[in-house]
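Dear colleague,

I am handing over the structure we spoke about, and my notes on it follow directly below.

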Amino acid sequence: MGLFTKDIETLDDLFVHTLQDIYYAEHQIIKALPKMIEKATAPDLKAGFEAHLRETEGQIRRLEQVFRLHGEEPRAVTCPAIDGIIKEANEIAGDVADKQVLDAALVAAAQAVEHYEITRYGTLIAWAKQLGRADCAGVLAETLAEEKATDEKLTAMAESRINAQAELAEA
């Protein structure tokens, strides 16, 4: 099923397709986070990535709950957007030699992922409410709150220390 093909005819179809999209994205994030943990040098950044890995596992379980609430089997569809965000993050991280600059790059890459997730979950909540699925919206809202909190933590880390250390790195 491709976006805006005949297979998507109703808001309900679009809701299910987007659930499948974010389900795929969360699985890709689970695969990417261990690499980010390995590359991070700042202890708080490494710990934050480890915590988010565990959190993402819970988010996948919540998505599976939403699928079931909505009468669907959990299924993923390829999400080119998250694939591109992760590919770009890997390319940038591979090009950075200085560890402090690498940490700043990892924060930026993680925030790109968070912002994608925030848009998807916000949209899914709005559609769930429109479809009369307050039960689904409530479960999705838990994940949206976690994604926003993660983004705020990343911003705080970057602004309080990581970006300043990257600026001081020797060229």
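I begin with the cysteines. The sulfur of C136 has its closest cysteine sulfur in C79, 20 Å away, which is too far for a bond. A disulfide is taken here as a pair of cysteine sulfur atoms within 2.5 Å, and by this rule the count comes to zero disulfides. C136 counts as buried because its relative accessibility is 0%, and C79 counts as buried at 1%; in these terms buried means under 20% relative accessible area, exposed means over 50%, and partly exposed lies in between, with a 1.4 Å probe and protein chains only.

Before going on, please note that this is a predicted model, in which local features need pLDDT of at least 70 and side-chain atom pairs count only at pLDDT 80 or more, while totals for chains, interfaces and linings use all residues. Residues are numbered from 1 along each chain as its sequence is written, and side-chain values use heavy atoms, with hydrogens and water left out.

Next come the salt bridges. With a salt bridge defined as a side-chain nitrogen of Lys or Arg within 4 Å of a carboxyl oxygen of Asp or Glu, the count comes to six. R62 is buried at 15% relative accessibility, whereas E142 is partly exposed at 44%.

A salt bridge of 2.7 Å, N to O, joins the side chains of R133 and D135. Here R133 counts as buried, with a relative accessible area of 17%, and D135 as partly exposed at 34%. Salt bridges that share partners also join R62, E142 and E146 into one network.

Within helix α3 (residues 80–95), K87 and E91 lie four residues apart, about one turn of the helix, and their side chains meet in a salt bridge of 3.9 Å, N to O. K87 is exposed at 52% relative accessibility, while E91 is partly exposed, with a relative accessible area of 44%.

Which helix gives the most to the positive patch? Helix α1 (residues 11–39) does, with three residues. K31 is found in helix α1 and counts as exposed at 54% relative accessibility.

Finally, E9 lies in the segment before α1 and counts as exposed, with 65% relative accessibility. Although E9 and E146 are 137 residues apart along the chain, their C-alpha atoms are separated by 31 Å in the model. E146 is also a member of the salt-bridge network with R62 and E142 described above.

With best wishes

Technical notes
Helices (H or I, at least four residues) and strands (E, at least two) are DSSP runs, numbered from the N terminus.
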